[in-house]
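I opened this entry to keep track of what I looked up, one topic at a time. The notes follow the order in which I went through the structure.

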Amino acid sequence: SLLYENSSFTYRAKSFVKLLKVPSTFYKSFVKANNYLDFIKEHNEKMAFIIENWLLGESVSYPVQYKLANKMELKKYWPGAKLNKDLEGNIGFIKSGIVHIVHHEKEIEILKEGDFFGEECIYSDEYCEYYFRSESDTEVFFIDYNVLLKIPIIRWKVLETQKRRERMVLSPELDYDLLFSWKYEYSVGIKLFDEHHKQIVEKIN
């Protein structure tokens, strides 16, 4: 009644329940007086996204989904933006737009609304082998990875997706010139050791 929208849910009592009936006009006036309207609209938008999302919506209880909505942060990007800077410790969920996953300049997957990304870079963007680029105007919800790890079904699905993407990287269909390449940040500061490590990388390729 607050947003003048019909409910998409059916509520059924599972035990004896006592309800307090409050006039909608009173509820609306309370919300407006305390400046809760924008918060409720934003939260409802997040909950709608979560419920429809295959990772967050399936086999996850409503109270847990409610907590996830409180942890979500929305960010917007222009076409061609690199999203890695916002991924450290987070996983991104595409609300709208298209995101490309790129590994060593090779595109491995194109993501659309509802897809998630960034599980490969949760510990450090600096050493992440992937980068994520928006193709169009894009909106992304970010959630702290540690929050998601506490939910077994989500953790399992994230790991499953991560392994699938790793297999895509190793697929010969991508025809990499160099699957692994030497980077300056791999240096240990000792020339002899660095040269030896470079030779190992060359042999791997």
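**Sheet and helix**

I began with the open sheet of three strands, whose order is S4-S3-S6 and whose pairing is antiparallel. Its edge strands are S4 (106-111) and S6 (130-134), each of which pairs on one side only. I noted that neighbouring strands in this sheet are turned by 25 degrees against each other on average, with direction ignored. I kept in mind throughout that this is a predicted model.

Next I looked at how S3, residues 99-103, pairs with S6, and I found five bridges in the antiparallel sense. Within this pairing I looked up Ile101, whose bridge partner in S6 is Phe132. I then asked which helix packs on the sheet. Helix H6, residues 152-170, does so, touching S3, S4 and S6, and its direction makes about 145 degrees with that of S4.

Are the two partners buried or exposed? Glu109 counts as buried because its relative accessible area is 15%, and Arg165 is likewise buried, with a value of 2%. I also recorded that salt bridges with shared partners join Glu109, Glu119, Glu120, Arg164 and Arg165 into one network.

**Salt bridges of Glu139**

Lys76 forms a salt bridge with Glu139, the closest N and O atoms being 3.8 Å apart. This pair links distant parts of the chain, with Lys76 in strand S1 (residues 73-77) and Glu139 in strand S7 (residues 138-144), 63 residues apart. Lys76 counts as exposed, because its relative accessibility is 64%, whereas Glu139 is buried, with a relative accessible area of 18% against a cut-off of under 20%.

The side chains of Lys95 and Glu139 also meet in a salt bridge, at 4.0 Å from N to O. Lys95 lies in strand S2 (residues 90-96) and Glu139 in strand S7, so the pair ties together parts that are 44 residues apart in sequence. Lys95 is buried, at 19% relative accessible area.

**Nonpolar surface patch**

I then turned to the surface, where Leu20, Val22, Phe26 and Tyr27 form a nonpolar patch with about 440 Å² of accessible area together. Val22 is found in the segment before helix H1 (24-33). I noted Val22 as partly exposed because its relative accessibility is 40%, which falls between the cut-offs of 20% and 50%.

**Whole chain**

To close, I noted the overall figures. The secondary structure comes to seven helices and seven strands, and from the N terminus on the elements run α-α-α-α-β-β-β-β-β-β-β-α-α-α. Of the 205 residues in the protein, 34% are buried. Among contacts with a separation of 6 or more, 72% are between residues 24 or more positions apart. The protein exposes about 14,000 Å², and carbon and sulfur atoms supply 55% of this area.

Note on methods
Residues numbered from 1 in each chain as written. Predicted model: local features only at pLDDT ≥ 70, side-chain atom pairs only at ≥ 80, totals over all residues. Heavy atoms only, no water. Pairing = 2+ DSSP bridges. Helix = DSSP H or I, 4+ residues; strand = E, 2+ residues; numbered from the N terminus. Axes fitted to C-alpha atoms, helices over the stretch in contact; angles between N-to-C directions. Contact = heavy atoms within 4.5 Å. Patch = residues over 30% accessible without salt bridge, like charges linked within 9 Å, V, L, I, M, F, W, Y side chains within 5 Å. Areas by Shrake-Rupley, 256 points an atom, 1.4 Å probe, with all protein chains shown as cover. Buried < 20%, exposed > 50% of the residue type's maximum accessible area, 1.4 Å probe, protein only.
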